[in-house]
Amino acid sequence: MPALSPTMTEGNLSKWLIKKGDTVKAGDLIAEIETDKATMEVEAVDEGVVIDLLFKEGEANIPVNKAIAIIGDPNEKVELKKETPVEKVIEEKKIEKNIETKIDTKKDNIIDTPSPKIEEDTNLSSEEITMRQALRDTMAEEMRKDNKVFILGEEVAEYQGAYKVTQGLLQEFGKERVLDTPISEHGFTGLAVGAAFKGLRPILEFMTFNFSMQAIDQIINSAAKTLYMSGGQINCPIVFRGPNGAAAQVAAQHSQDFSSWYSQVPGLKVIAPSTPYNAKGLLRSAILDSNPVIFLENEILYGLKGPVNNDVNFSIPIGKANIAKEGKDLTIVTYSIMLQKSKEAVLRLKEEYNLDAEIIDLQTLRPLDTETILNSVKKTNRLITVEESWPFGSVGSEIVNIVQRDAFDYLDSPVIKVNSADVPMPYSLSLEKLYLPQVDDIINAAKKVSYIK
Amino acid sequence: MKKLQKADYIKMYSFMLKIRRFEERAAQLYGMGKIGGFCHLYIGQEAVVVGILMTIDKNDSVVTTYRDHGHMIARGLDPKRIMAELTGREDGYSAGKGGSMHMFSKENNFYGGHGIVGAQVPIGTGIAFTHKYNGEKNICRTYIGDGAMNNGQVFEAFNLAALWKLPVLYIIENNKYGMGTSVDRAAAGLDLYKRGEAFGIPGEKVDGMNVFSVIEAADKAGKYVREGNGPYIIEVQTYRYRGHSMSDPAKYRTKEELDNYKQTDPIEIVKTEILKKKIATNDEIEKINKDTLEEIKNAAEFATNSPFPKDSELYTDVYL
């Protein structure tokens, strides 16, 4: 009795299309079988004479894999082989599975060096540059080194970038390596993924990550999963970059934060820089990485100025957080633009409440640097997470899970998450301000975990 | 067009037969519970991929849909390892992690096996982009089912390919049904090969039951693309004898329709030519039949005896 659907366990023999003594060839129809879904015709695979039909027409509930007929050479004695069902074979292996599914960052193949600290960097530029320039310079440096690196996206070439992040690249590298695309995210993302499968190293700019939703199937189903599905044969060295999250009053369809969406996907690495310094080091690591990397910039941060390390080989390892400020009373875990707001909050917490807060800037969201978070919590015993994403299933939610699991006894108060409001982004300036996490929200959360009224 | 040699006829017959016997055996293993999940068979469509194969350069790339077993066999990949992937074993082309719909062989420039309808079209276009970017003379053959021809990303890919003059040959395998929905119930305008016209992509309709017609069209189209003229579309009219997948009884079509197509069976057409041209005798054909059956039996044997992947493999190949 053949299984004719993924879920079929038994079938009914509706009709025999052969009789004893018939000669059948491969491909001949032999019976009609009623499954849990439909009635289907069954073909012979082997050739021979029908020696016996083991069930009558109309017999029901015949288990899958039970012999229903014998076809063979009538001069040979046919013995029915006992087939071990696949489930049995697997059961016998006695799989010992750890019931607790840990997200193991070691599996993500990270480089095990700490994140360089800007305060200790002896190679710092005297001049401060914007985040926009830092990103541009890094792309240009890597394009000079490796001809396989190219950039494509809407308005990246002639227009010099919708946010001027690709300024000058067309002039230096030409239209073969700096390509303006039509407004066609699904198509050009798939094209770039195909190019990466074939060995190029595309940098794909989304005018905003909101538009990456047009292409999300190619990012998840093609870019992230193919290495696994191909048994390790085909990798996808591509960087998807562009502004993520809210700008200023661009309302619901242009303001979404995609941090947790992409961080949920095995096969992707997710980076969210917060300063020109780490933007440079992290973008270089992203371009050099052999896997698909989601690089979440922030439009408001493009103009942020700061010193950088101008060494063309300077990089910051993926998967390492940076302790942006040391402290002893509580830990604030944050990333991207919320680092700036957290810094403001920390100054006021010291001034107004004499609280000495530690700030962890995640830099990479996947793989997550759980070690740095846990070490900090073990020291301060209090934790808040601050991010722009919606609250449900955010990066902060995962951090809460990890901390309650691995540092439960160190916590002196429940962890508090500070997120955007659980609504689509409103247009009005006043409502937008309410929607986004503000310095006061961070201060209130810090007071709450410290039991300060 | 290059004149077909005697060996070419034998090669075509052998490959088409190998695909058919492979698929029949896969159906049997599915019935025995050795193959799980979704399994889409290529029976009836053999002339399409084998016809294209006759014009291929081994450095050309290929990307196709989830109905991919026949494509891999035509590419010269080992039936043992294809079958082992179907049974989910460690010797499979994707080490048991891909299954029927997701098989790849980078060394043979075979880029899948894609489970999402239409997704392979921009990907194939991107592989063609790479050939051009690297200054190679090769092309990417990108197969598309008739169902995908109503999918937006296909048109986005056509636009990009034409805009950037990419060396991509699009082959629409029109087997008349996207799962259970016939083309005329899904597509406004039945001439799918004309759907590149708006982008300036030439297209042509071909009888896909006849391998000789496929070769002729593929040869012409392949030359056009290889010479740097940009993309080309061939719509190959074919028919799948089986349902969409293993669990589909194909009630949406009549028995007469199926029988009608079986009258023009692609393998029989080649066999008739071989006998008519006296390229081989009946006995020699019989020998090929026997050897093929044996090879596929061995593949099934291999695929059911290959070990399941080690538990530790669950966590490998997520990142490189």
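This is a predicted model: local features need pLDDT of at least 70, side-chain atom pairs count only at pLDDT 80 or more; totals for chains, interfaces and linings use all residues.

Visitor: Which residues in H4(B) meet H11(B)?
Guide: B:Pro79, B:Lys80, B:Met83, B:Ala84 and B:Leu86. On the H11(B) side they meet B:Glu295, B:Ile296, B:Ala299, B:Ala300, B:Phe302 and B:Ala303. Residues are in contact if their C-beta atoms, placed from the backbone, lie within 7 Å. Helices are DSSP runs (H or I, at least four residues; strands are E, at least two), numbered from the N terminus.

Visitor: What classes are in that contact?
Guide: There are 9 nonpolar, no polar and 2 charged residues. Ala, Val, Leu, Ile, Met, Phe, Trp, Tyr, Cys and Pro count as nonpolar, Asp, Glu, Lys and Arg as charged, and the others, Gly among them, as polar.

Visitor: Switching to chain A. How is it divided?
Guide: Into domain 1 (10-91), domain 2 (113-306) and domain 3 (322-449). The bounds come from an automatic or database domain assignment.

Visitor: How far apart are the C-alpha centres of domains 2 and 3 of chain A?
Guide: They lie 25 Å apart. Each of these two domains gives 24 residues to the contact.

Visitor: Which elements give two or more residues on the domain 2 side?
Guide: Helix H7 (259-263), strand E13 (269-271) and helix H8 (276-288) of chain A. That side divides into 12 nonpolar, 10 polar and 2 charged residues.

Definitions and conventions. Residues are numbered from 1 along each chain as its sequence is written. Chains are lettered from A and ligands numbered from 1 in the order in which they are written.
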